[in-house]
Structure formats: C-alpha cells, structure tokens
Amino acid sequence: MLLVLLLAVASSACAALSTVFKHRAAQHAVEQPAADERADGEKHPRRGLRAAAVAWVANPTFAIAMVFDGLCVVFQILALKYGSLSVVQPVLCMSLVISLGLNHVMLRTRPTRSEILHSLTLVAGLVMFLLVSDAISAHGETAIGRRVPAIILAVVGGLFVLGAVFGTRSMRPRMRARALAASVAIVYATTAGLMKSTTQISHLFGLDAVLTSWQLWVLIALAACGLALNQVAFAAAPLNVVLPVVASLDPLFSVLIGVGVYGDQLRDTPLAVAGEVAGLALLLYSVVKLSSVRAAQGAAAEAELAAAMDGGATPLSMRNE
C-alpha cells in the first residue's frame, strides 16, 4: 500500500508541476510579443498571435512541462500496476493541493484561508476514505477486468457520452457543458481502468500480449476521445463551470469502475460504508472548491493572453512595470 501511495502522490506532483510550468510558458508567450510591440511602438495583432504561439511551444519551460506530463503517466501506470483503481485515482486529486501551493510559491503570494481550509478537508477526506475502505486490489486475470460488468458499464457510459455530445445541443450552454464534463470524467475513469488492464496483461502474459490486446488500442482511442471531449466542454462554458465537474466525478467513477469491473474489495460493514461515503463526500466537496480556484486562475491567465493578442495589448502582469 505504501508503494502505491508514493507512486500516486508522485504522479500527482508531476501533474501539478506540469500545470505550473505550462502557466509559466503561457505567461512568457504573452509577455514577449507585448514587450516587442512596446519597443517599436506599433501594434501588430497577427504578429502578436503568431509570436505568442511560437514563444509558447519553443519555450524550454513548456518542454519541461511535457516531461512532467510524461512522468505523471508513468507513475500513474506503475501505481495502477501495484494498486487498486479505488486507491490510485482518489489520491491523484492531491495534484490540486500541490499545484495551488506551487503556484503561490512561484508568485510569492500567500494562500487564502479558504484555500488552506479546503486543502486540509481534501486531505482529511482522502485519508478517511483510504483508512476506512482498506481497498484491496484483485489479482490474476480478475485484475484485467471482469467481462460482464465491463460490458454493462461500457454500454451505459457510452450511451451517456453519446447523449451528452449529440442530445444536448438544445440545452443552455452551461447545462450542456456540465453534461459534456460528466462525459469527460467517464472517459478519464475508463482510461485509467484500461491502463490497469494493460499493465496486468503485461505482467501476466508479457509485452507481446499487450501489443495484440484490444485494451491497448481502445485505451489510445479513448485517450484521444477524452482530449477532444475536454476541448468541446471547455468551448461550451467557462473553465469554472467545467473543471469542478470533471475533477469531482473522475475519482467517483473510478471507484465505481474499480469495484464493479476490476474486483477492488472495500469494507462492506454498515459502519465502514458510512465512513467511506463520508470520506468520499468530503474529498469530492473539497475537489470542487479547489478546482474552482484553479479554474479562476486559469481563466485569468486566458483573459490576459487574449488581451495581449488583441491588437498587441500589454498584458496585465506588465502594466505596473
């Protein structure tokens, strides 16, 4: 259990570091074109957009963020290899706490009381759920996934995703965005489950079996689908509407998939179930609150980027210089 927790926390830390470095790269992409235009005294909207895009991708900070993205996936795969989905995915919520802390360190600011409180409640809810549930991962071929529950959940989840994509066009934008965000959470949780399947196939039957298994190729397809859905959801409504839904439902769906499909064993006494529900509820409540904070910060960064690209305007971070 300790090894699994350490690997999951390492994945969370890498995800948080990637987020911070991406924000730094985006900030540099804003500041450099604006500084160039201030130097020549002219506004060049197209040059600003092109220069910002080039500066963002070419920035070494962005390359560092990509490295941390890769490490995040590696640590998550290793954690899922040795541990249960019901443990690993909830622990990954720690990336919210870590990224907030790193962001304050980078900006040399102090966290608010609300951020401190919700960070503590997130950790408390996570610890309560892990201690009370005492989740145990299945072994052998069961850990690859049980066929009948997997088919049932796949059909239900697939119908929900299709309904969210094609059946919500007449809804209000925020309602449609929330439905799409729930679909993203379903896809992300399923992707995590398929990661576990592929690691178990590799462990039991070797790498050749992984390359010829359907799980690997469905995993790749779902990962691409998740990225596309994510962009559609973010385009439908502001970040503070979408991110809390994705961040809160992902661990919940992961626990359901872990128990139903991958045979994760949680304590099932009435007192234990009550403690698990209470811990998970506290965790998810804190995730919603902290993801709203992260979304607000991301929205502010996007507004600054848009302002800098709109006719070469000077970004907010440079106006007091």
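Modeller: A caution before we start: this is a predicted model. The largest nonpolar core has 52 residues. Val-88, Leu-122, Val-242, Leu-283 and Val-287 have the most contacts inside it.

Biologist: Which residues is Val-287 in contact with, leaving aside neighbours within four places in sequence?

Modeller: Val-287 is among the residues with the most contacts inside the core. Another residue of that group, Leu-122, is one of its partners.

Biologist: How do α8 and α10 run relative to each other?

Modeller: Helix α8 covers residues 173-205 and helix α10 residues 214-236. Their axes lie 8 Å apart, at an angle of about 160 degrees. Angles over 145 degrees count as roughly antiparallel. Therefore α8 and α10 are roughly antiparallel.

Biologist: How many charged residues are in the contact of α8 with α10?

Modeller: α8 passes α10 in a left-handed crossing. The residues of this contact include 20 nonpolar and eight polar ones. The number of charged residues is none.

Biologist: At what angle do α7 and α8 cross?

Modeller: Helix α7 spans residues 147-166, and its axis comes within 9 Å of that of α8. The two are roughly antiparallel, and the crossing is left-handed. The angle is roughly 150 degrees.

Biologist: Which residues of α7 make the contact with α8?

Modeller: The α8 side includes Arg-176, Ser-183 and Val-187. Across the contact, the residues divide into nine nonpolar, two polar and one charged. From α7 come Gly-157, Phe-160, Val-161, Ala-164 and Val-165.

Biologist: Is Ser-183 buried or exposed?

Modeller: Ser-183 sits in helix α8. Not counting residues up to four places away in sequence, Ser-183 touches Phe-160, Val-161, Ala-164 and Leu-229. Its relative accessible area is 0%, and under 20% counts as buried. So Ser-183 is buried.

Biologist: What is the relative accessible area of His-118?

Modeller: His-118 lies in helix α6, residues 113-133. Beyond neighbours within four places in sequence, His-118 is in contact with Tyr-285, Ser-286, Lys-289 and Leu-290. His-118 is buried, with a relative accessible area of 11%.

Definitions and conventions:
Residues are numbered from 1 along each chain as its sequence is written. This is a predicted model: local features need pLDDT of at least 70, side-chain atom pairs count only at pLDDT 80 or more; totals for chains, interfaces and linings use all residues. Side-chain values use heavy atoms; hydrogens and water are left out. Axes are lines fitted to C-alpha atoms, for helices over the stretch in contact, and angles run from 0 to 180 degrees between N-to-C directions. Helices (H or I, at least four residues) and strands (E, at least two) are DSSP runs, numbered from the N terminus. Angles under 35 degrees count as roughly parallel, over 145 as roughly antiparallel, 65 to 115 as roughly perpendicular and the rest as oblique. A crossing is left-handed if the near helix is turned anticlockwise from the far one by less than a right angle, and right-handed if clockwise. Ala, Val, Leu, Ile, Met, Phe, Trp, Tyr, Cys and Pro count as nonpolar, Asp, Glu, Lys and Arg as charged, and the others, Gly among them, as polar. A nonpolar core is a set of buried Ala, Val, Leu, Ile, Met, Phe, Trp, Tyr and Cys residues joined through side-chain atoms within 4.5 Å. Buried means under 20% relative accessible area, exposed over 50%, partly exposed in between (1.4 Å probe, protein chains only). Contact means heavy atoms within 4.5 Å.
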